[in-house]
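Follow the fold from its helix pair to its sheet, and then to a single loop residue. The structure is shown first.

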Amino acid sequence: MLVEISDPSAMASIRAHLQRNGCPTEPRSEDTFEVRTRWSPGAAPSEADARATVVAHLREWCADHRGVKANILA
């Protein structure tokens, strides 16, 4: 899914947080990146489960970085 952040200077930090939590990312622009979730083989999650996982990690990161917003675009 595609995520946009309000402060591009926080890109490395938010991507590192997601990576540590099993969600690899790839930058797409200065303020957007693609994020995926990793699951064990044979345990493929629904799209809703994957989205919920990413949202939880984004909320956790944003709570520690007041003023920076992260929005799922797609």
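Helix α1 (residues 11-20) and helix α2 (residues 47-64) have axes that come within 10 Å and cross at roughly 135 degrees. Axes here are lines fitted to C-alpha atoms, for helices over the stretch in contact, with angles from 0 to 180 degrees between N-to-C directions. The crossing of α1 past α2 is right-handed, meaning that the near helix is turned clockwise from the far one by less than a right angle.

On the α1 side, the contact is made by S13, I14, H17 and L18, and on the α2 side by H57, L58, E60 and W61. Contact means heavy atoms within 4.5 Å. Sorted by class, this contact has four nonpolar, three polar and one charged residues. Ala, Val, Leu, Ile, Met, Phe, Trp, Tyr, Cys and Pro count as nonpolar, Asp, Glu, Lys and Arg as charged, and the others, Gly among them, as polar.

The model is predicted: local features need pLDDT of at least 70 and side-chain atom pairs pLDDT 80 or more, while totals for chains, interfaces and linings use all residues. Residues are numbered from 1 along each chain as its sequence is written, and side-chain values use heavy atoms, without hydrogens and water. Helices (H or I, at least four residues) and strands (E, at least two) are DSSP runs, numbered from the N terminus.

The sheet is open and has four strands in the order β2-β3-β1-β4, with antiparallel pairing; two strands pair if DSSP finds at least two bridges between them. β2 (25-27) and β4 (70-72) are at the edges with a single partner strand each, so one side of each has no neighbour in the sheet. On average, neighbouring strands are turned by 30 degrees against each other, direction ignored. Strand β1 (residues 2-5) pairs with β4 over three bridges, and E4 stands opposite N71 in β4.

Both helices lie across strands of the sheet. α1 runs at about 5 degrees to β3 (32-35), whereas α2 runs at about 170 degrees to β4.

Where is V68 placed? V68 is in the loop between α2 and β4. V68 is buried, with a relative accessible area of 14%, because buried means under 20%, exposed over 50% and partly exposed in between (1.4 Å probe, protein chains only). Apart from neighbours within four places in sequence, V68 is in contact with S6, D7, A10, W61 and C62.
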